[in-house]
Amino acid sequence: MRNSIKVERAILNITQEKLAELIGVSRQTINSIEKNRYVPSTILALNISKVFNKTVNAIFVLEEND
């Protein structure tokens, strides 16, 4: 699954740490999601999308091999 979290963070000018604080996870979790090493739960994906004021589908994209 691809995601645009890093781009969205840049648009809002927030760090991984700040995003993690806003949604109640560790900075390492955000880093792992950005690097596609961890697939977030539905609730976590919804919370991330809420911070960026975008739909989950606008941030996370399934790839053919998913």
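At roughly what angle do the axes of H2 and H4 cross? The legends below take this up, starting with helix H2 itself.

This is a predicted model, in which local features need pLDDT of at least 70, side-chain atom pairs count only at pLDDT 80 or more, and totals for chains, interfaces and linings use all residues. Residues are numbered from 1 along each chain as its sequence is written, and side-chain values use heavy atoms, with hydrogens and water left out.

View 1. H2 spans residues 16-23. Helices (H or I, at least four residues) and strands (E, at least two) are DSSP runs, numbered from the N terminus. Gln16, Leu19, Ala20 and Ile23 of H2 are buried. Buried means under 20% relative accessible area, exposed over 50%, and partly exposed in between (1.4 Å probe, protein chains only). These four cover an arc of only 100 degrees around the axis, so they lie on the same side of H2. The arc is that of the directions from the helix axis to the C-beta atoms. Glu17 and Glu21 are exposed, on the face turned away from the buried side. Just after H2, Gly24 has a positive phi of about 80 degrees.

**View 2. H2 against H4.** The axes of H2 and H4 come within 10 Å and cross at roughly 115 degrees. Axes are lines fitted to C-alpha atoms, for helices over the stretch in contact, and angles run from 0 to 180 degrees between N-to-C directions. That makes H2 roughly perpendicular to H4. Angles of 65 to 115 degrees count as roughly perpendicular, under 35 as roughly parallel, over 145 as roughly antiparallel and the rest as oblique. Leu19, Leu22 and Ile23 of H2 make the contact with Leu44, Asn47, Ile48, Val51 and Phe52 of H4. Contact means heavy atoms within 4.5 Å. By class, seven of these residues are nonpolar, one is polar and none is charged. Ala, Val, Leu, Ile, Met, Phe, Trp, Tyr, Cys and Pro count as nonpolar, Asp, Glu, Lys and Arg as charged, and the others, Gly among them, as polar.

**View 3. H2 against H3.** H2 and H3 pack at an angle of about 110 degrees, with their axes 8 Å apart. H2 is therefore roughly perpendicular to H3. Gln16, Glu17, Leu19, Ala20 and Ile23 in H2 meet Arg27, Ile30, Asn31 and Glu34 in H3. This contact has four nonpolar, two polar and three charged residues.

**View 4. Ser4 in its loop.** Ser4 sits in the loop between strand E1 (2-3) and H1. Ser4 is buried, with a relative accessible area of 18%.
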